[in-house]
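Okay, thanks everyone, I'll keep this short. Let me put the structure up, and then we'll walk through a few packing details together.

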Amino acid sequence: MASILASALAGLGAGEALAPRAMAQSPLSPEEALKELMDGNARFVEGRLTSFAHDLEILKNHTVDKQEPFAALLSCADSRVPVELIFDQSIGHLFVTRVAGNVATPEIIGSLEYGAAVLGTKVILVLGHASCGAVKATIQGKAVPGQISSLFPHIQPAVHVAGHDLERAIAENAKIQAALLREASPVLAEMVKEGHLKIVAGTYDLGSGKVTLLES
Ligand SMILES: [Zn+2]
């Protein structure tokens with residue numbers, strides 16, 4: 001992915017890489033893209049999904065050679081957070097990155113930069129969720145097998161703010177990862193500054209299915 005991004009950007013000057021024409025694939029504005037996501041979640045909550053009515057053959061054929069997702073997600077790997085489903089979206093609509101604890105590692109940042117700068121996603125939503133095991137394990141700080149603990153340093157800043165309050169730590173973590181994307185990536189920061197991209201944080205409630213946006 002990183003090499004695809006590098007080669008995609010290599011032919012462009014820094015200014016050109018960030019020019020609207022280089023990324024204006026989805027016609028939506030960042031605000032419209034966020035509304036489209038949240039409208040999809042409202043349909044999911046109300047049990048009136050429309051994405052299953054889409055003709056998957058047509059969508060597949062249209063996206064064989066190119067993709068034009070309007071939004072990107074950084075969500076947890078948790079099986080209870082099926083991203084396309086909870087936003088009522090189908091093939092080619094969402095650029096989804098997932099890792100336990102929805103943390104912005106270098107590989108995740110590179111992927112989201114590719115989504116925004118090359119594919120033209122207009123909004124990035126960092127989505128925490130209720131009962132997140134990665135956040136819970138970071139709070140507990142116990143010994144864990146293998147490389148699971150490699151996630152902890154990424155989540156530690158949220159635990160530092162929220163202490164043992166799991167719900168608050170989950171929200172703080174989503175906000176901190178969104179802020180990291182805004183600040184640690186010059187590519188994303190420039191797009192945000194120019195008004196071409198919005199980066200927001202939210203949480204997903206497993207019981208109600210509702211996504212709530214968080215104030216940054
Ligand atoms: Zn989780």
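So, which residues meet where helix 7 packs on helix 11? From helix 7 you've got Leu112, Glu113, Ala116 and Ala117, and they meet Val187, Leu188 and Met191 in helix 11. Going by class, that contact has six nonpolar residues, one charged and no polar ones. Before I go on, remember that this is a predicted model.

Now the geometry of that pair. Helix 7 covers residues 106–118 and helix 11 covers 186–193, and their axes sit 9 Å apart at an angle of about 40°. Angles under 35 degrees would count as roughly parallel, so with these two we call the helices oblique to each other. And the crossing of helix 7 past helix 11 is left-handed.

What order do the five strands come in? They go 2-1-3-4-5, in an open sheet with mixed pairing. Strand 2, residues 94–98, and strand 5, residues 211–214, are at the edges; each has a single partner strand, so one side of each has no neighbour in the sheet. On average, neighbouring strands here are turned by 30° against each other, ignoring direction.

Let's zoom in on one pair. Strand 3, residues 123–129, runs parallel to strand 4, residues 198–204, and seven bridges join them.

Helix 10 lies across strands 3, 4 and 5, and runs at about 165° to strand 4.

How values were computed
Residues numbered from 1 in each chain as written. Predicted model: local features only at pLDDT ≥ 70, side-chain atom pairs only at ≥ 80, totals over all residues. Heavy atoms only, no water. Pairing = 2+ DSSP bridges. Helix = DSSP H or I, 4+ residues; strand = E, 2+ residues; numbered from the N terminus. Axes fitted to C-alpha atoms, helices over the stretch in contact; angles between N-to-C directions. Contact = heavy atoms within 4.5 Å. Parallel < 35°, antiparallel > 145°, perpendicular 65-115°, else oblique. Left-handed = near helix turned anticlockwise from the far one by under 90°. Nonpolar A, V, L, I, M, F, W, Y, C, P; charged D, E, K, R; others polar.
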